[in-house]
Amino acid sequence: MAEYYKAIATDELQSGQMKRVNVAGREIVIAREEDNFYAADNKCPHMGGNLSKGSLDGHVITCPVHKSKFDLKTGSVIQWTDFGGLTLAIGKAFKKPRALQIYPVKIDKKDVMVQI
């Protein structure tokens, strides 16, 4: 059964920031947008990039490797890579777009709790 684990304290991140943490043996990225916190696998499903080293625009996270973009609310792919045209078509033939694994988050007093 899935349990909630403490990831960070709420005051460890300001809005627009993210941080890599280990939660229950998993490498997770925690991101904050205003008063909302999001949790997802830290490895990009495209090429394994470290998402915590990427950028955050609202609730959209961008991988620093090939600029893959994901919605942290749903995990859905917004952009698979920054390549276009034929290069993108060939790339998708070898590595089909996959959603980002996201995790439910709740706030317990001053702690960000992640369900694993």
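1. S76 counts as partly exposed, with a relative accessibility of 32% (buried means under 20% relative accessible area, exposed over 50%, partly exposed in between, with a 1.4 Å probe and protein chains only). Please keep in mind that this is a predicted model, where local features need pLDDT of at least 70 and side-chain atom pairs count only at pLDDT 80 or more, while totals for chains, interfaces and linings use all residues. Residues are numbered from 1 along each chain as its sequence is written, and side-chain values use heavy atoms, with hydrogens and water left out.

2. To stay with S76 for a moment: this serine sits in the loop between β7 and β8 (strands, E, at least two residues, and helices, H or I, at least four, are DSSP runs numbered from the N terminus). Beyond its neighbours within four places in sequence, S76 is in contact with K69, F70 and D71 (heavy atoms within 4.5 Å). The C-alpha atom of S76 is also separated by 4.9 Å from that of A99, although the two residues are 23 apart along the chain.

3. F70 brings us to the aromatic residues. How many aromatic pairs does the structure hold? There is one. The partners are F70 and W80, whose ring centres are 6.4 Å apart with planes at 85°, so the pair is edge-to-face (centres within 6.5 Å for Phe, Tyr and the six-membered ring of Trp; planes under 30 degrees apart are stacked, over 60 edge-to-face, the rest tilted). The pair links distant parts of the chain, ten residues apart: F70 belongs to strand β7 (residues 69–71), and W80 to the loop between β8 (77–79) and α1 (85–94). F70 is buried at 0% relative accessible area, and W80 is buried at 4%.

4. Next, the open three-stranded sheet, ordered β1-β11-β10 with antiparallel pairing (strands pair if DSSP finds at least two bridges between them). Each of β1 (4–9) and β10 (105–108) has a single partner strand and stands at an edge, so one side of each lacks a neighbour in the sheet. From one strand to the next, the twist averages 35° (axes are lines fitted to C-alpha atoms, with angles from 0 to 180 degrees between N-to-C directions). Four bridges join β10 to β11 (residues 111–115) in the antiparallel sense, and I107 has V112 as its bridge partner in β11.

5. A side-chain detail worth a look: K106 lies over the face of Y4, 4.4 Å from the ring centre (NZ of Lys or CZ of Arg within 6 Å of the centre and within 35 degrees of the ring normal).

6. β9 runs antiparallel to strand β4 (residues 36–41), and two bridges join them. In β9, I102 is the bridge partner of A40.

7. Finally, the cysteines. A disulfide is a pair of cysteine sulfur atoms within 2.5 Å, and by this rule the count is zero. C44 is in no disulfide, its nearest cysteine sulfur being that of C63 at 3.9 Å.
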